[in-house]
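Visitor: I have a model open and would like to learn how to read its features. Could you walk me through it?

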Amino acid sequence: MQDVSAHQEASGSEAKLEAVMQQIADHKGCGTHGGSGKASCGSQAGQGDLPTEIWEKVKNHPCYSEEAHHHYARMHVAVAPACNIQCNYCNRKYDCANESRPGVVSEKLTPEQAAKKVLAVASTIPQMTVLGIAGPGDPLANPEKTFKTFELISKTAPDIKLCLSTNGLALPDHVDTIAGFNVDHVTITINMVDPEIGAKIYPWVFWKHKRYTGVEAAKLLTDRQLQGLEMLTERGILCKVNSVMIPGINDQHLVDVNKAVKSRGAFLHNIMPLISSPEHGTVFGLTGQRGPTAQELKALQDSCEGEMNMMRHCRQCRADAVGLLGEDRSAEFTTDKIMEMEVDYDLDSRKAYQAKVEEERVAKVAAKQEELASMAGEVSDIKLLVAVATKGSGLINEHFGHAKEFQVYELSTSGAKFVGHRRVDLYCQGGYGEEDSLETIIRAINDCHAVFVAKIGGCPKSDLQKAGIDPVDQYAHEFIEKSAITWFKDYLSKVKSGETEHVQRGDAEIRQGALTAAA
Ligand code: CLF
Ligand code: SF4
């Protein structure tokens, strides 16, 4: 009964939904410059063609804007332990794998501890703009704890955006409460819209005191997910859809999922790789179900990009993640530490800091545009990938040996486009280079022609060169995109003169292990 009335309500406000969807459809990607399709959202600092109300919501959300993720941080509080479904890529010993890497365990908090933690982090990290609840189970299978946390935080830290990630089963029951707390961003994990495929991913769901299995369970889940998505978008709440790419099960089907969620007003689609190491003890891990390679993942993301904004900078965070997406500062904010911390939540100094960040963003975009203009008239079909070591702010500012991940940009005569990232084992361990790590790093960026770093030692430099990857340290502490375009212009001229022969690179590996604070 409840479902039927919710559907009726949805159709009654069809005009409003259509208006929101039209705005999203009209928006040709936040950062495209006359390019085709839709780029990773928000890849320029300016508002571009985004309607003002959407721009205000995404401009400092590190997940909803690729460009913002270089500058702004998020934090999660692990207040939601229970879950109402079972995914074959999940082991309940760990955090919810819909927004976390399997194998990561977070420290669970009460709503009161969570509120204290948010103030402690906000007073230490002024660029922390978003508080998300993403587990360790499903936030909406724990509605009291989730909403109590939102209530406390909206009173004590009103400038922080509230964000939520759910499997969607309970979503239609909570949409009004979500809207009531001014939650502007909701993520739903949707891995299928075909229950036959869903039955291969979900062994059961638990709804209204009853356990459902097989196709019946998957049908219930997909209906509730899509209903929840429609209800959110008709209320103007920005929705991101996460999908786990499982080769041989839903990889091709995710194109249909992309169309289904776009037609219901989703703003952003985040296709993530399945991580299925046997040691995580998940069904897929134990049955040998593999995850996608880097090229398979990129090809699927590229094929969906013409339809809607694609997120490519997701880090599959832990349920207690803190910091920029590419860093993990959760170890600085354990319960013991935050209880002892002096909290000085100063809204004015947070605003002043963020105003500086905005100046930095504008300078970065101006530098990129200027460099891009100097490439006008250049004609070439060459497209290639480069890896970048960065600590944030859009700069090449990380030492090769200290990089825990590399960001990957695709270079062409259209410019430099962020297309992903690769987690790696740290090369420099206790002051020494680790040969085993170097091999895994080379495998992780094997599809790249060059790696941009702030500094690199002689040994890894020569091994990278032998592997056909050019180590580039001449742009240390300069802007990433501007430097990459400069390097690419030089590369094209060397290819034209015959000094360099352009060759295609091979595939690369996506690391399967979990990233922990110490890794
Ligand atoms: Fe957290 Fe998720 Fe909100 Fe972001 S994460 S609840 S939307 S604030 Fe972001 Fe992390 Fe990827 Fe999630 S990088 S796992 S997409
Ligand atoms: Fe695990 Fe998250 Fe799936 Fe629940 S929704 S089974 S916690 S991955």
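Guide: Gladly. Helices (H or I, at least four residues) and strands (E, at least two) are DSSP runs, numbered from the N terminus. Axes are lines fitted to C-alpha atoms, for helices over the stretch in contact, and angles run from 0 to 180 degrees between N-to-C directions. Bear in mind that this is a predicted model, in which local features need pLDDT of at least 70, side-chain atom pairs count only at pLDDT 80 or more, and totals for chains, interfaces and linings use all residues. Residues are numbered from 1 along each chain as its sequence is written, chains are lettered from A and ligands numbered from 1 in the order in which they are written, and side-chain values use heavy atoms, without hydrogens and water.

Visitor: How do I read helix packing, and at what angle do α4 and α5 pack?

Guide: Two packed helices are described by the angle between their axes and the distance between the axes. Here α4 (residues 111-124) and α5 (residues 143-156) pack at about 35°, with axes 9 Å apart. A crossing is left-handed if the near helix is turned anticlockwise from the far one by less than a right angle, and right-handed if clockwise; that of α4 and α5 is right-handed.

Visitor: Which residues of α4 and α5 make the contact?

Guide: Contact means heavy atoms within 4.5 Å. From α4 come Pro111, Glu112, Ala114, Ala115, Val118 and Leu119, and from α5 Lys145, Lys148, Thr149, Leu152, Ile153 and Thr156. For classes, Ala, Val, Leu, Ile, Met, Phe, Trp, Tyr, Cys and Pro count as nonpolar, Asp, Glu, Lys and Arg as charged, and the others, Gly among them, as polar. The contact of α4 with α5 has seven nonpolar, two polar and three charged residues.

Visitor: Which residues of α9 and α11 meet?

Guide: Leu254, Val255 and Asn258 of α9 meet Leu300, Ser303 and Cys304 of α11. That contact divides into four nonpolar, two polar and no charged residues. The axes of α9 (residues 254-263) and α11 (residues 294-305) come within 10 Å and cross at roughly 35°, in a right-handed crossing.

Visitor: Which residues are closest to ligand 1?

Guide: A residue is near a molecule if one of its heavy atoms lies within 4 Å of it. Of the 15 residues surrounding ligand 1, the closest are Cys63, His76, Cys163, Cys314 and Cys317. The shell holds seven nonpolar, four polar and four charged residues.
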